[in-house]
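Reader: I have the model open and want to go through it piece by piece. Can you take my questions as they come?
Author: Go ahead.

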Amino acid sequence: MTTRSQPQAYTAKLEDKLVFNQRFFQASFELVSPPRLEFKAGQYVSVQVSDQGHRRPYSICSSPDITHGFEILVDTGPGGVGSRFLQNLEFGQQVSLLAPLGDFVINASSAEAVVLVGNGSGISPLRGMVLDLLQVRHDQRPITLHWGMRRVDELFWENEFQQLSQDFENFYFHPVISQAAPDWTLCRGRVTDCLAVHGFPQQAEYYLCGSTDMIDQSKQVLAQGGVAAAQIHHEKFY
C-alpha cells in the first residue's frame, strides 16, 4: 500500500506565470510556510480563491522532486471564480491552500507498461507523472502518453514531450487533434481513435484524466480490448 502524506495548510506566493495561449497558462508558486511540500505525482492542491473561503482544486503539474514549490495549469475557458482569481493574482502575492490531496497517483505494480491518456486540461497531472516516471524514478518500462486537443494552436508542452521522447527511448508521445487541418500528419479525431490506431497492451496500468465523456469512452475501448478494470485509474475534471 502506498503511503500518502496528510494534507495540511500552506501559504505560497506567485513566482511566475507562463501564458501558453488565450485559454491556458501555467502558474508557478514558491512555498512560504511550511517551506516544503512532499507530494505524489498526480495529486492536487486546494486553493482558496475568494475572501468568502471558496476553494478550487488544481492538479500539480510539476515534478514531485521539487519540494520548495509547485506548478499548476489554469484553464480560463470556463471563466470560473478560480481562474479569474489566478488570472488577477500579482507576482509575489500570497495564497492559502491545502495540500497534498487526491489518490490519482502511480501505483506500485508489476505492470509491463504505463499508458497515460488525457484531453484538455486533463494533461496537468499526467505531465507530473511523466516527469516523475522518467526523471525521478528512472522507470524503464514503456511509457506512452496520448493527449487530445481540439486544435493544434491549443497545444502546449508538446515540445517538452517531444524532447522527452528523444531523451528517453521508452517514452512515446502521441498528440491527437480532433479538428485537425489537412496537413496534420499525426493522430486525428478522438483520443480513443488514437488508442485504436496504436494499440494498447493488456498488461499495462492505464491512467485517464480529462472529460467525463473521454474517460467513459476510453474505459469502454480498453475493456473491449481485454484490459481489466483494476488496471484502469481515472480522474474526471469536467
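Reader: Is F70 buried or exposed?
Author: F70 is buried, at a relative accessible area of 3%. Buried means under 20% relative accessible area, exposed over 50%, and partly exposed in between, with a 1.4 Å probe and protein chains only.

Reader: Before we go on, what kind of model is this, and what are the ground rules?
Author: It is a predicted model, in which local features need pLDDT of at least 70 and side-chain atom pairs count only at pLDDT 80 or more, while totals for chains, interfaces and linings use all residues. Residues are numbered from 1 along each chain as its sequence is written, and side-chain values use heavy atoms, with hydrogens and water left out.

Reader: How many aromatic pairs are there?
Author: The count is nine. Rings of Phe, Tyr and Trp (its six-membered ring) pair if their centres lie within 6.5 Å; planes under 30 degrees apart are stacked, over 60 edge-to-face, and the rest tilted.

Reader: Which type is the pair of F29 and F70?
Author: That aromatic pair is stacked, with 5.3 Å from centre to centre and 20° between the planes. It links distant parts of the chain: F29 is in strand 2 (residues 24–33) and F70 in strand 5 (residues 69–75), 41 residues apart. Helices (H or I, at least four residues) and strands (E, at least two) are DSSP runs numbered from the N terminus. F29 is buried too, with a relative accessible area of 5%.

Reader: And what about F161 and F173?
Author: They form a tilted pair, 5.1 Å centre to centre with 50° between the planes. This pair also joins distant parts of the chain, with F161 in helix 3 (residues 158–167) and F173 in strand 9 (residues 171–177), twelve residues apart. F161 has a relative accessible area of 0%, so it is buried. F173 counts as buried because its relative accessibility is 8%.

Reader: Which residues do ring pairs link into a cluster?
Author: The cluster consists of F20, F24, W147, F156, W157, F161 and F173.

Reader: Where is W157, and what is its phi?
Author: W157 lies in the loop between strand 8 and helix 3. Its phi is near 65°, a positive value in a residue other than glycine. W157 counts as buried, at 8% relative accessibility.

Reader: What sits over the ring of W157?
Author: The charged end of R127 does, 4.6 Å from the ring centre. The rule asks for NZ of Lys or CZ of Arg within 6 Å of the ring centre and within 35 degrees of the ring normal.

Reader: Which residue forms a salt bridge with R127?
Author: E71 does, and the closest N and O atoms are 3.1 Å apart. A salt bridge here is a side-chain nitrogen of Lys or Arg within 4 Å of a carboxyl oxygen of Asp or Glu.

Reader: Switching to domains: where are the bounds?
Author: Domain 1 covers 8–101 and domain 2 covers 113–236; the bounds come from an automatic or database domain assignment. Their C-alpha centres lie 24 Å apart. The contact takes 18 residues from domain 1 and 18 residues from domain 2, where contact means heavy atoms within 4.5 Å.

Reader: What area do domain 1 and domain 2 bury between them?
Author: About 1,300 Å², 62% of it on carbon and sulfur atoms. Buried area is the accessible area (1.4 Å probe) that two parts lose on being put together, summed over both. F24, C61 and L73 supply 30% of the area that domain 1 buries against domain 2, more than any other three residues. The rule finds one salt bridge across this interface.

Reader: What does S28 touch?
Author: Not counting residues up to four places away in sequence, S28 touches K13, L14, E15, D16, F70 and E71. S28 lies in strand 2 and counts as buried at 13% relative accessibility.

Reader: Last one: where is L222, and what is it in contact with?
Author: L222 is in helix 5 (residues 212–224). Leaving aside neighbours within four places in sequence, L222 is in contact with F200, Y206, L208, V227 and I232. L222 is buried, with a relative accessible area of 0%.
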